[in-house]
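Me: I have a new structure open and would like to learn how to read it. Could you take me through it one feature at a time?

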Amino acid sequence: MLNRKYLGLLFLCCSYLQGLAQAPLLKKDLLSPGNGHSLIKGFIGDKMKTSINNRVMEQDEDKVIKPFAVKTEKDFNDWRCEYWGKWMTSAVLASSYSPTHEHQDKLKRAVSKLLMTQSANGYIGTYTKDAELEGWDVWGRKYVLLGLISYYDLTKDKSALESAGKQLDYLIAETGRRNIKITDNGLDAIDGLSSNSILEPVVLMYERTGNRKYYDFAQGMVKNWSLPGKFAKNGLKLVEHGIEKLPPINVAAPKAYEMMSCFEGICELYRVSGDEKYLTAAQGFANSILTNERMIVGSGSNQELWSNGVKQQTELMQQPMETCVTTTWMKLCYQLLRLTGDSKWADELEISLYNALAGAQTPNGNWWSYFSPLSGERVPSTPQHEDVGLSCCVANGPRGLLLTPKWAVMKGQKSVYVNLYAPAEYSEMVNGANLKLNVLSDYPVADKITIDVNPDAPGVFTIALRIPSWSIENKFTVNDKNQSVMPGSYAKITRHWKKGDKIVFYPDLRGRILSAPSGAPQMAVMRGPVVLAIDNRMVKEQDSAVWLLPKPWDYGHTELAPAGYKGYVLNREDSEKDLKTKYVDLVPYRNKPDNVWMAFEVAFLMRPSHFFDHKEKMLVMCDYASAGNEFSADNLFRVWLPQPLFLRNAFVKDTWKITYPGKKERPVVPSN
């Protein structure tokens with residue numbers, strides 16, 4: 001017979017081992033989000049402020065909660081179930097960045113009111129009892145979980161986490177009782193991707209509770225992706241196809257937003273499992289998006305589907321770059337930035353932020369576009385459910401924008417990483433010191449970035465600054481001493497930092513000419529992370545044809561033209577000069593409209609006849625986010641420029657009619 005003392009020790013050991021089995025095995029991120037004070041100013045700061053004040057915190061919470069109280073939804077036309085969670089996650093980001101008593105009270109009311117709709121069995125949803133697990137129901141439960149988890153993370157209110165647990169417990173129990181696989185649930189048109197995207201909050205719940213049941217449920221879902229299913233006869237195979245870097249258009253049903261949401265879950269599963277195949281799959285999938293789908297302004301999709309957008313982007317697309325896709329692409333890049341520490345993903349976040357995302361928001365921040373064209377006009381989203389007064393994209397856009405403080409400055413081991421060079425103030429704890437960084441710049445309008453470094457006590461630590469991959473010629477100094485830097489990486493400066501130290505960085509903001517990836521005779525211009533466009537407020541229709549050629553132009557080729565022929569410019573490739581990137585001079589334009597952020601005069605070439613009278617014509621190009629920002633049928637723009645560009649036909653009119661087919665009137669921003 002065992003001594004009671006040994007029995008006690010055995011019991012303690014068993015309890016300890018059981019605890020280890022329950023506790024999440026967290027895979028540490030290489031970079032973690034900034035959690036100190038941040039104040040972002042300038043163009044992006046203004047966008048965030050107007051979004052918080054005029055969209056997020058102006059939301060009537062009762063409108064997004066009422067569908068959960070009445071529970072009348074039944075099928076694939078019903079997704080009011082997503083709005084509360086989308087709004088709550090953006091409201092949490094807003095309150096985290098700009099904490100006020102009013103913001104905190106609003107969030108608390110919205111959570112309290114939602115929890116009052118929770119059924120005794122744990123269900124929080126908008127579907128009728130006999131329609132549960134139909135249509136978008138599981139998708140909506142995902143957003144409820146994300147909203148409750150984000151609120152718990154902000155406030156540590158255990159009631160939110162407990163209610164989320166009841167919601168998830170009910171889903172697991174009910175799918176088990178009815179022998180329903182999540183893989184086989186949801187909409188057949190998109191192979192159930194919407195339901196499978198619940199993977200992300202399932203893993204997040206495991207991280208916060210240590211409940212092994214959630215981990216097993218998540219792993220079971222992903223295992224079923226590899227097996228033949230109700231919708232995907234050969235299996236979804238998201239992990240396998242991600243590892244293979246299969247073009248996204250060939251992965252499952254090519255619904256862009258929902259597919260990326262599933263890969264967000266794969267990133268979370270990697271964190272708790274440490275299984276390298278998940279990270280390999282997520283990286284492979286994201287890199288395949290870059291190769292095949294990500295368009296010049298940092299988003300993808302046409303008609304909400306993957307579309308080989310890299311090559312198709314120069315064509316007139318009907319419903320390009322859904323804002324939900326932009327936001328989710330940014331969230332996936334943020335995941336990969338945290339997991340890998342690769343500055344490439346910060347480059348991608350910056351391009352999406354300054355272009356596709358900023359351009360989709362209305363100037364006063366109260367509304368968003370559903371789609372973002374590269375040619376035509378900007379059109380505000382229509383409300384998809386009049387009773388709620390929202391669309392998926394209007395609810396989702398702020399989530400991408402308000403994510404910015406999380407990646408602008410990040411933390412590593414005894415280090416801080418500066419990813420965003422907008423004017424800002426940051427404070428972070430690093431190696432025991434409270435470090436204050438003051439970013440003084442008008443970037444990306446101006447090319448000088450000064451960072452004042454002020455730790456509260458001198459100490460040795462690392463400050464890493466992102467050197468964008470497009471920034472080829474750089475000047476970088478610390479206390480006036482030159483430092484060597486490598487494009488497409490972090491410049492990591494480890495030294496004994498003290499108050500008053502100064503970093504100065506001059507990135508390469510020359511205008512870059514990009515040729516169409518499809519080989520079409522079209523070109524575009526970027527300046528740093530910003531895509532430029534022509535806008536009919538500054539470029540008028542006229543009977544001229546122009547070419548975009550890098551200078552210096554080659555005048556008067558006597559070997560090709562008879563003597564005396566002046567002003568002839570040979571239109572040729574510069575392959576013999578081994579120019580990987582072509583540059584064009586950009587001269588700041590002073591007479592831009594008040595609501596245009598930046599504008600430049602660009603020299604184009606006019607070639608009215610063979611050898612004669614070739615001359616320069618200056619056209620104005622502005623930043624993509626400002627192009628068309630009157631959101632009217634009269635304000636037209638375009639990014640990709642045919643060579644030559646006939647200015648009489650430069651702008652495509654009435655594109656709202658293909659963006660919203662069947663609508664008799666052009667959509668407008670709702671008055672309320």
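This is a predicted model: local features need pLDDT of at least 70, side-chain atom pairs count only at pLDDT 80 or more; totals for chains, interfaces and linings use all residues.

Me: How do the residues of the lining of the largest pocket divide into nonpolar, polar and charged?

Reply: First, the general idea. Rolling a probe the size of a water molecule over the atoms shows where empty space is left. Here, the largest pocket has a volume of about 1,100 Å³. It is lined by 31 residues, and those closest to its centre are Asp-153, Arg-208, Tyr-334, Arg-338 and Lys-406. By class, the lining of the largest pocket holds 14 charged, 10 nonpolar and seven polar residues.

Me: Which element gives the most to the lining of the largest pocket?

Reply: That is H6, with five residues. Helix H6 spans 137-155, and at least two lining residues each also come from strand E1 (32-33), helix H4 (83-97), helix H9 (199-209), helix H12 (256-273) and helix H15 (323-340).

Me: What lies nearest the centre of the second largest pocket?

Reply: Arg-294, Ile-351, Arg-512, Leu-514 and Met-526 do, out of 26 lining residues. The space in the second largest pocket is about 630 Å³. Its lining has 13 nonpolar, six polar and seven charged residues. Helix H16 (343-360), strand E14 (511-515) and strand E18 (582-584) each bring at least two residues to that lining, and H16 gives the most, with five.

Me: Now the inside of the protein. Which residues touch the most other members of the largest nonpolar core?

Reply: A core is read by asking which buried nonpolar side chains are joined to one another. In this model the largest nonpolar core has 188 residues, and Ile-40, Trp-84, Leu-148, Ile-451 and Ile-463 touch the most other members. H12 provides the largest share of this core, 11 residues. Another core lies apart from it, with 22 residues, among them Ala-524, Ala-533, Tyr-624 and Val-639.

Me: What does Trp-84 touch, not counting residues up to four places away in sequence?

Reply: Trp-84 touches Val-64, Ile-65, Phe-68, Ala-110, Val-111, Leu-114, Val-144, Gly-147 and Leu-148. Leu-148 is also among the residues that touch the most other members of the largest core.

Me: Let me step back to the whole chain. How many helices and strands does the protein chain have?

Reply: There are 19 helices and 24 strands. For overall shape, the radius of gyration can be set against a rule for globules. With 672 residues, a compact globule would be near 26 Å, and the protein chain has 27 Å, which agrees. Along the principal axes, the C-alpha atoms fill a box of roughly 115 × 65 × 50 Å. Of the 672 residues, 59% count as buried. Among contacts between residues at least 6 apart in sequence, 71% join residues at least 24 apart.

Me: Is helix H17 (residues 392-401) mostly covered or mostly open?

Reply: Mostly covered: 10 of its 10 residues are buried. Among them are Cys-392, Asn-396, Arg-399 and Leu-401.

Me: Where is there a cis peptide bond?

Reply: The angle to read is omega. A cis bond joins Tyr-443 and Pro-444, with omega about 0°, and Pro-444 is in the loop between strand E7 (433-441) and strand E8 (449-455). The bond from Gln-643 to Pro-644 is also cis, with omega near 5°, and Pro-644 is in the loop between strand E23 (641-642) and strand E24 (645-646).

Me: Which residue has a positive phi of about 50° although it is not a glycine?

Reply: Lys-71 does. Lys-71 is in the loop between helix H3 (61-70) and H4. Its relative accessible area is 19%, so Lys-71 is buried, as buried means under 20%. Asp-480 has a positive phi too, near 70°. Asp-480 is in the loop between strand E10 (475-478) and strand E11 (481-482), and at 73% relative accessibility Asp-480 counts as exposed.

Me: Last one: what is Phe-646 in contact with, leaving aside its neighbours within four places in sequence?

Reply: Phe-646 is in contact with Gln-542, Asp-543, Ser-544 and Ala-545. The C-alpha atoms of Phe-646 and Gln-542 are separated by 8.1 Å, although the two are 104 residues apart along the chain. Phe-646 is found in strand E24 and is partly exposed, with a relative accessible area of 36%.

Technical notes. Residues are numbered from 1 along each chain as its sequence is written. Side-chain values use heavy atoms; hydrogens and water are left out. On a 1 Å grid over the protein atoms alone, a cavity is a set of points where a 1.4 Å probe fits but cannot get out, and a pocket is an open set with protein on both sides within 12 Å along at least five of seven lines; lining residues have an atom within 4 Å of a point. Grid points are joined across faces, edges and corners, and a volume is the space filled by probe spheres set on the points. Helices (H or I, at least four residues) and strands (E, at least two) are DSSP runs, numbered from the N terminus. Ala, Val, Leu, Ile, Met, Phe, Trp, Tyr, Cys and Pro count as nonpolar, Asp, Glu, Lys and Arg as charged, and the others, Gly among them, as polar. A nonpolar core is a set of buried Ala, Val, Leu, Ile, Met, Phe, Trp, Tyr and Cys residues joined through side-chain atoms within 4.5 Å. Buried means under 20% relative accessible area, exposed over 50%, partly exposed in between (1.4 Å probe, protein chains only). Contact means heavy atoms within 4.5 Å. The radius of gyration is taken over C-alpha atoms; the globule rule is 2.2 Å times the number of residues to the power 0.38.
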